Amino acid sequence: MTKQEILTSEQAQHGIIALRKDGLFWRAYEQSAYLLKNHFWSDLKVNGGHVKAVKQDMYYVGFPEKSLQERILDKLPEVEGSSIIEQTEKKIIIGCPHIDGFEEWKQSLTNLHEQATEKMQPFYGKLPLYKAVYDLYFKIVNLTRHFPKDVQYTVGDKLINYGLELNTLLYRLLKINKAQTKERQFDAEIQKESIINEIDEMIEQVRFLLRVSYDLKLYNVENFASISETLESIRKQLYGWQRSNS
């Protein structure tokens, strides 16, 4: 099932825990996760966050096959009104008493996620330029993880390192700008111009490696267009920032 299908299914359910097999693990999403934690497994870790496919936050819990019997199925007699409605190799549906409070629980998870994300952002984290550099790195990591091993440890690793280095250079650039004084303005401008040139050269290196990867048919034209657009956005924002801070 797609994330949208799972979300739609969960929104329509009432007093049901839907467990879905995903590889070696079982997962319960949204309201199923909420009921599972309340009725059977209170300390089960919750995962999730914003999902682009559904344009909202989604949360789930997961556990290995070996825990299914002991932590859930064997506890069915202990939870009054609970029983197995359907069971296959890939899906288990458990009927159980409904518990109010899911929306409040989900909002509390979103609040915690936002607070943690805010604390982990660098001092320039709200700048559109930083967001573009971060987006580039995120795209590179997702792209290169599917590269064959003979390319992963050469082209893939170089792309990832360039993505990290771009963030380091951006930090140095903005740190210089923040500490700049009238007395040392000339030296600061020289340093900033040097770093901007480094960033520009690195963008060209990334562009070259991405073109090589594309010609090797390691990813599709949609990914190529998306990353190219992000690279161009970084370059335009960089020179726009330079003009406004010179």
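Which helices and strands each supply at least two residues of the lining of the second largest pocket? They are α1 (3–12), β1 (16–22) and β2 (25–29). Helices (H or I, at least four residues) and strands (E, at least two) are DSSP runs, numbered from the N terminus. This is a predicted model: local features need pLDDT of at least 70, side-chain atom pairs count only at pLDDT 80 or more, and totals for chains, interfaces and linings use all residues. Residues are numbered from 1 along each chain as its sequence is written, and side-chain values use heavy atoms, with hydrogens and water left out.

Stay with the pocket. On a 1 Å grid over the protein atoms alone, a pocket is an open set of points where a 1.4 Å probe fits, with protein on both sides within 12 Å along at least five of seven lines. Its lining residues have an atom within 4 Å of a point. The second largest pocket has a volume of about 190 Å³. That volume is the space filled by probe spheres set on the points, which are joined across faces, edges and corners. Strand β1 gives the largest share of the lining, 3 residues. Among the lining residues are M1, I6, D22, Y29 and K90. By type, the lining divides into 3 nonpolar, 1 polar and 7 charged residues. Here Ala, Val, Leu, Ile, Met, Phe, Trp, Tyr, Cys and Pro count as nonpolar, Asp, Glu, Lys and Arg as charged, and the others, Gly among them, as polar.

Now look at the backbone. Most residues other than glycine have a negative phi. E30 has a positive one, near 50°. K217 is also positive, with phi near 60°. E30 lies in helix α2 (residues 30–39). K217 sits in the loop between α7 (185–215) and α8 (221–244). E30 is buried, at 3% relative accessible area, while K217 is exposed, at 73%. Buried means under 20% relative accessible area, exposed over 50%, and partly exposed in between (1.4 Å probe, protein chains only).

Move on to W41, in the loop between α2 and β3 (46–51). Is W41 buried or exposed? W41 is buried, with a relative accessible area of 8%. Leaving out residues up to four places away in sequence, W41 touches L36, F63, S67, R71 and I72. A contact means heavy atoms within 4.5 Å.

Aromatic rings come last. Rings of Phe, Tyr and Trp (its six-membered ring) pair if their centres lie within 6.5 Å; planes under 30 degrees apart count as stacked, over 60 as edge-to-face and the rest as tilted. The count comes to 10 aromatic pairs. The ring centres of Y130 and Y134 are 6.1 Å apart and their planes are at 40°, so this pair is tilted. Both residues lie in helix α5 (residues 128–144), about one turn apart. Y130 is buried, at 10%, but Y134 is partly exposed, at 46%. Y214 and F224 have ring centres 4.5 Å apart and planes at 15°, so their pair is stacked. Y214 lies in α7 and F224 in α8, so the pair ties together parts that are 10 residues apart in sequence. Ring pairs also link Y34, F102 and W105 into a cluster.
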